[in-house]
Amino acid sequence: MSSIADVAKLANVSTATASRALSGKSTVTAATRAKVLAAAKKLDYTPNAAAKSLRMNRSSLLGLIVPDIENPFYSTLAKHVGDHARRLEYNIVLCNTGFSNAVEKEFFDLLVGGQVAGLLLCRTDSENPLYPQKRQGSKFPVVVMDRVASREEESFVTVNNTRVGKIAARHLLGLGHRRFACVAEHLNHSVVKERIEEFARSVDGSFLEQVLTVDEGFRGAKAAAAKLLVQPKSKRPTAFYCTNDMLALGVIQAAQECGMRVPDDVSVMGTDGIFQGEFFSVPLTTVSQPFDELARLAVKTLLDIIENPHPHTVGLAVEPALTIRKSTGPVGQGGRK
């Protein structure tokens, strides 16, 4: 593998000049830069990222830890984080914990002790305090994403989850629904708790049949909803609110397999705004999260912390929005008005 010294020799310049030319320094003439670039191309030279980081005293890598990359919410969020990082000449190291606290801790220690300049963290369990954030005696730059940080000294960027629950409740109440079921996954997360609690408060005076806590996402929601949907029409919910879109898609499939029409017989509403919801058998009504804005603010906040060793703690909450499609409608004759 060729080195910068090889490039310099072929271009007949010093190693320092070759380095300046490859990094785009204005002190190198156009003719010299052209010679160096031609030599680098001929030798198939690739700069060493670790060596560059040492020279600059700054890494161009950011860590991103998510609990479930198979969930389209996290894969979409990761895509937007990567886009914004690249625009600012950073790359992302992506780690998936599988909702394991132990794996999250392993990745956290690995990244803090490695070559990343800072870390974006979607917590597995938001109730636990964040791990010690030290590198060489100083605080390591971390921004918690998708939930409020567990300690005041931790910066975070999240969505306004009380607004999420309120928006969902108002939409379904406005359609005449008065019997509800909620479907939730990972109820130990503050995000999920906030959505459910605000939904329950907002439908006060109506009847919340029950909160179904499920595992296995789509499959778990489908199985749990099917048990409710086989009840007599006078007893079953007329509307389901789900704390993420994959759960809602599972409920829709359960309803269809029970011979029910969505939304004529039952309305189903999700949260997140993943693109799969738009193209499902019944396009999903949801409370959408602004993925791009979440990612932009998270990356910006982290880079601000990296550049300022003693920053003030930042806490940002972006606003969700109602996206109405075909999975919700006015309560049917089986509903109680």
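Is Glu89 buried or exposed? Glu89 is exposed, with a relative accessible area of 66%. The structure discussed here is a predicted model, and its chain contains 12 helices and 14 strands. Of the 337 residues of the chain, 47% count as buried, and among contacts with a separation of 6 or more, residues 24 or more positions apart account for 71%.

**Backbone geometry in the loops**

- Most residues other than glycine have a negative phi, and most peptide bonds are trans.
- Glu89 has a positive phi of about 65° although it is not a glycine, and this residue is placed in the loop that connects helix H5 (72-87) with strand E2 (91-96).
- Asp44 likewise has a positive phi, near 55°, in a residue other than glycine, and Asp44 is found in the loop between helix H3 (30-42) and helix H4 (49-56).
- Asp44 counts as exposed because its relative accessibility is 63%, which is over the 50% cut-off for that class.
- The peptide bond that leads from Val262 to Pro263 is cis, with omega near 15°, and Pro263 has its place in the loop between helix H10 (245-257) and strand E11 (267-272).

**Packing of helices H2 and H3**

- Two packed helices are described by the angle between their axes and the distance between the axes.
- For helix H2 (residues 15-22) and H3, the axes come within 9 Å and cross at roughly 90°, and the two helices are therefore roughly perpendicular to each other.
- On the H2 side the contact involves Thr17, Ala18, Ala21 and Leu22, which meet Thr32, Arg33, Val36, Leu37 and Ala40 in H3; the residues of this contact divide into 6 nonpolar, 2 polar and 1 charged.
- Within H2, the residues Thr17, Ala18 and Ala21 are buried, and they lie on the same side of H2 because they cover an arc of only 100° around the axis.
- An α-helix has 3.6 residues a turn, so residues three or four places apart point the same way.
- The elements that cover the buried residues of H2 include helix H1 (4-11) and H3.

- Strands of a sheet pair through backbone hydrogen bonds, either parallel or antiparallel.
- Strand E12 (residues 285-288) and E14 run antiparallel and are joined by 3 bridges, and Thr286 stands opposite Thr323 in E14.

**Helices that lie on the sheet**

Technical notes. Residues are numbered from 1 along each chain as its sequence is written. This is a predicted model: local features need pLDDT of at least 70, side-chain atom pairs count only at pLDDT 80 or more; totals for chains, interfaces and linings use all residues. Side-chain values use heavy atoms; hydrogens and water are left out. Helices (H or I, at least four residues) and strands (E, at least two) are DSSP runs, numbered from the N terminus. Buried means under 20% relative accessible area, exposed over 50%, partly exposed in between (1.4 Å probe, protein chains only). Axes are lines fitted to C-alpha atoms, for helices over the stretch in contact, and angles run from 0 to 180 degrees between N-to-C directions. Angles under 35 degrees count as roughly parallel, over 145 as roughly antiparallel, 65 to 115 as roughly perpendicular and the rest as oblique. Contact means heavy atoms within 4.5 Å. Ala, Val, Leu, Ile, Met, Phe, Trp, Tyr, Cys and Pro count as nonpolar, Asp, Glu, Lys and Arg as charged, and the others, Gly among them, as polar. The arc is that of the directions from the helix axis to the C-beta atoms. Two strands pair if DSSP finds at least two bridges between them.
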